[in-house]
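Subject: Structure for you to look at

Hello,

The structure we spoke about is below. My notes on it follow.

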Amino acid sequence: MVLGTPPEIANEPIIAGQCGSAESNSGNPLVSVVIPCYNHARFLSDAIESVLRQEYRPFEIVVIDDGSTDHTAQVAARYPSVRYSYQPNAGLATARNTGISESRGSYILFLDADDLLCAGAVGSAVDVILRNPGCGFVYGGFRAIDKNGAALDTFDMPSGHRDDYLGLFEGNHIAMCATVLYPRHVLEQVGGFRTEFRAAEDYDLYFRIARLFPYTRHGAVMAEYRRHDGNMSVNAALMLRSTLSVVRAQREHGAADAIHRRTYLNAIRIWRDYYGGLLARQIRTQFRQGKLPGGLRGSWTLLKIAPEVFLRSVLHAARKAIRKILRRSWLFDGPAFRRLEPASRDFGYDRGTPIDRYYIEAALAAHTNDIHGHVLEIKDSAYTQRFGGARVAKSDVLDITSDNPLATLVADLTDAPQIPSDTFDCVLITQTLHIIYDLPAAIRTLHRILKPGGSVLATVPGISRIVRDGENRWQDHWRFTSASARRLFQGMFADSNIEIQATGNLCAAVSFLDGRAVEELRPSELEHLDPDYEVVIFIRAVKT
């Protein structure tokens, strides 16, 4: 069935796994997956295939072509079970509403044409919504992928946020529309998507449903969000205007009493800061690239909608310019550096990104393929999640004390018989070995608990200030060179399986000792390698 005049084709509706009925023979409800598409033909096939791989039955796929000028129609035509409908370009909200009217399912899920459903997503969501029959919708987590489908990050909101109407004022914790399954009657009762919003129309829908119905989350990762230059969310000016309009539309509900009014005003502040900050960064980039008209338009938008963010941006630019002028004077130019107190005693955390973290994260980013399977990390799992993503099947966190709530294993690496041998595919141990006195014993443990073929990704300090605990006691024992790091790991690992990479230079070393941050140096001042000034040493050791 086709709306308007389609470009060349129209498929008759066929329901995958079940024709003509909203219920299967087993009693499962029909789920409609609506895929709006506007000039995303290059991604559409992947989106359709991700739905066809779902084990749940019955479902139907409805593609709404929102006036595309590419070969969207031809891609849809390759799939006989896909229902295709064409309409003149009217925007995402209208396309989704068309999908509601064209679909037949008791439950509806909206999948953008450039995104993917994860395996088992539909079945997981249906199971939760059937166990919560009064819900206005249920939602899960998602992960980000790049334009080629490679995993980036997984997003699963912590349990601390509120799953109710007021919770949405704290932020759009649902975040991705494809993680949400709606009962049809709920969408029809609230009138579907409001077409006056050019963006954030899903956020508005969550508000309007949450005023009338409860909603809940579940633990399944539902979808993959593809990041590319064509993402609507890349347009910070559009997202700033639209998101604030959505929140302001709740004014009569959000300002009903003093508590609600504070919640409403806080939401305005949150979104002004978030998208205003993104827009400010885009403006700075446009000016640096010589794109004066775009930079001026963005500046005018920011000044009108978020003047306080505009002012902060101007002050930030002024401070940066002053730091640039003064940079050489504090670094090497004689008397200006003749002082006894560093700029920061917190490794630069209070000024921005510590310089050693720049080198650590660059090394891990170059070895993401090693971070897979069962991964162990020290203190927390931040780098496991950031650089391992979907490649990680299981994550453990090790700490020497039991007062770390993130720790899943409590042990001393120098003597840890409670950790089974041949357990981990990868161990991430960054800036930790220097605080362990019995280093050979720690390396023996790391070797033992690795699976054959598993790898240790470690970093150690070459040039650094002393690390102390909260009571100002000594906490570290060692500093390293490339040569000493290699000799240490040769005690258990074959030399051919050890990779050593030193990073740093005179400028980076002095800046790190002074407590300066990455943001205060030029890229060239960080990236230059001088083997006489090893700030951070990266070790990759593979168990034979």
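**Salt bridges and burial**

Lys451 is partly exposed because its relative accessible area is 29% (buried means under 20%, exposed over 50% and partly exposed in between, with a 1.4 Å probe and protein chains only). This is a predicted model, where local features need pLDDT of at least 70, side-chain atom pairs count only at pLDDT 80 or more, and totals for chains, interfaces and linings use all residues. Residues are numbered from 1 along each chain as its sequence is written, and side-chain values use heavy atoms, with hydrogens and water left out.

Lys451 forms a salt bridge with Asp425, with 3.3 Å between the closest N and O atoms (a salt bridge is a side-chain nitrogen of Lys or Arg within 4 Å of a carboxyl oxygen of Asp or Glu). The pair links distant parts of the chain, 26 residues apart: Lys451 is in strand E14 and Asp425 in strand E13 (residues 424–430). Helices (H or I, at least four residues) and strands (E, at least two) are DSSP runs, numbered from the N terminus. Asp425 is buried, at 15% relative accessibility.

By this rule there are 25 salt bridges. Among them are these:

- Glu361 and Arg386 meet at 3.2 Å, N to O. Glu361 lies in helix H12 (residues 355–365) and Arg386 in helix H13 (residues 382–388), so the pair ties together parts 25 residues apart in sequence. Glu361 is buried at 18%, while Arg386 is partly exposed at 42%.
- Arg479 and Asp476 meet at 2.7 Å, N to O. Arg479 is partly exposed at 30%, and Asp476 is buried at 5%.
- Arg194, Glu196, Asp204 and Arg208 are linked in a network of salt bridges.

**Around Gly454**

Gly454 also sits in strand E14 (residues 450–461) and is buried, at 3% relative accessibility. Leaving out residues up to four places away in sequence, Gly454 touches Phe424, Asp425, Ala541, Val542 and Lys543 (contact means heavy atoms within 4.5 Å). Gly454 and Val542 are 88 residues apart in sequence, yet their C-alpha atoms are 5.7 Å apart.

**Helices H7 and H10**

Helix H7 (residues 236–248) packs against helix H10 (residues 292–305) at an angle of about 20°, with the axes 10 Å apart. H7 and H10 are therefore roughly parallel (angles under 35 degrees count as such). Where they meet, Ala237, Leu240, Arg241 and Leu244 in H7 are in contact with Thr301, Leu302 and Ile305 in H10.

Regards

Definitions and conventions
Axes fitted to C-alpha atoms, helices over the stretch in contact; angles between N-to-C directions. Parallel < 35°, antiparallel > 145°, perpendicular 65-115°, else oblique.
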